[in-house]
Amino acid sequence: MFDDWMQRYEHMIELGKSLPLIEEKYKTDDNLIKGCQSKVWVHAELEDDRLVFTSDSDAIITKGIIAILVRAFSNQPPKAIIEADTTFIDEIGLKEHLSPTRANGLVSMIKQLKMYAVAYQTQLN
């Protein structure tokens with residue numbers, strides 16, 4: 001879709017601007033993703049047996065990264081999120097174009113979204 005990585009970064013930044021923002025009351029330490037260089041908050045709620053994620057970050061690139069993940073995982077049943085194949089991250093080359101600390105943050109974000117799914121799946125069982 002894009003010829004170079006600058007265009008991809010610009011698109012990620014735009015995605016970040018359209019991100020369903022987390023309510024201020026959920027911007028707590030409990031909702032901070034550990035392992036991210038920047039602050040990233042994620043909140044999950046179960047609506048009609050589907051997880052809906054909202055999030056925010058204090059850095060524009062990181063906000064774009066979490067926006068991609070929220071778009072991929074939000075409005076899915078917890079079981080689908082748990083079983084989700086995340087190779088699309090490698091296929092689009094995202095991880096290789098991030099600094100090592102941001103790449104670690106990306107892994108932490110995926111892990112946290114899947115942990116929310118595990119917690120909610122347990123409630124559904």
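What is the volume of the largest cavity? In this predicted model, the largest cavity comes out at about 40 Å³. A search for cavities of 30 Å³ or more turns up one in the structure.

**The cavity and its lining**

Who sits around that space? The lining of the largest cavity is made up of Cys 36, Gln 37, Ser 38, Thr 62, Ile 65, Thr 101, Arg 102, Gly 105 and Met 109. Two elements give two or more residues to this lining: helix H2, spanning 60–73, and helix H5, spanning 100–124. H5 provides the largest share, with four residues. Sorted by class, the lining holds three nonpolar residues, five polar ones and one charged one.

Asp 49 has 48% relative accessibility, so it is classed as partly exposed.

**Ser 57 and its contacts**

Moving along to strand E2, we find Ser 57. What does its side chain meet? A polar atom of the Ser 57 side chain lies 2.9 Å from the backbone oxygen of Lys 39. A polar atom of that side chain also lies 3.2 Å from the backbone nitrogen of Ala 59.

Here are those two distances side by side:

| Backbone atom | Distance to a polar side-chain atom of Ser 57 |
|---|---|
| Lys 39, backbone oxygen | 2.9 Å |
| Ala 59, backbone nitrogen | 3.2 Å |

**Rings and charges**

Finally, the aromatic side chains. How many aromatic pairs does a search of the whole structure find? It finds one. There is also a charge placed over a ring: the charged end of Lys 27 sits over Trp 41, at 4.9 Å from the centre of the ring.

Key:
Residues numbered from 1 in each chain as written. Predicted model: local features only at pLDDT ≥ 70, side-chain atom pairs only at ≥ 80, totals over all residues. Heavy atoms only, no water. Phe/Tyr/Trp six-rings, centres within 6.5 Å; stacked < 30°, edge-to-face > 60°. Lys NZ or Arg CZ within 6 Å of the ring centre and 35° of its normal. 1 Å grid on protein atoms, 1.4 Å probe; cavity = no way out; pocket = protein on both sides within 12 Å on 5 of 7 lines; lining within 4 Å. Points joined across faces, edges and corners; volume = space filled by probe spheres on them. Nonpolar A, V, L, I, M, F, W, Y, C, P; charged D, E, K, R; others polar. Buried < 20%, exposed > 50% of the residue type's maximum accessible area, 1.4 Å probe, protein only. Polar contact = N/O pair within 3.5 Å; in protein donor to acceptor, adjacent residues only side chain to side chain.
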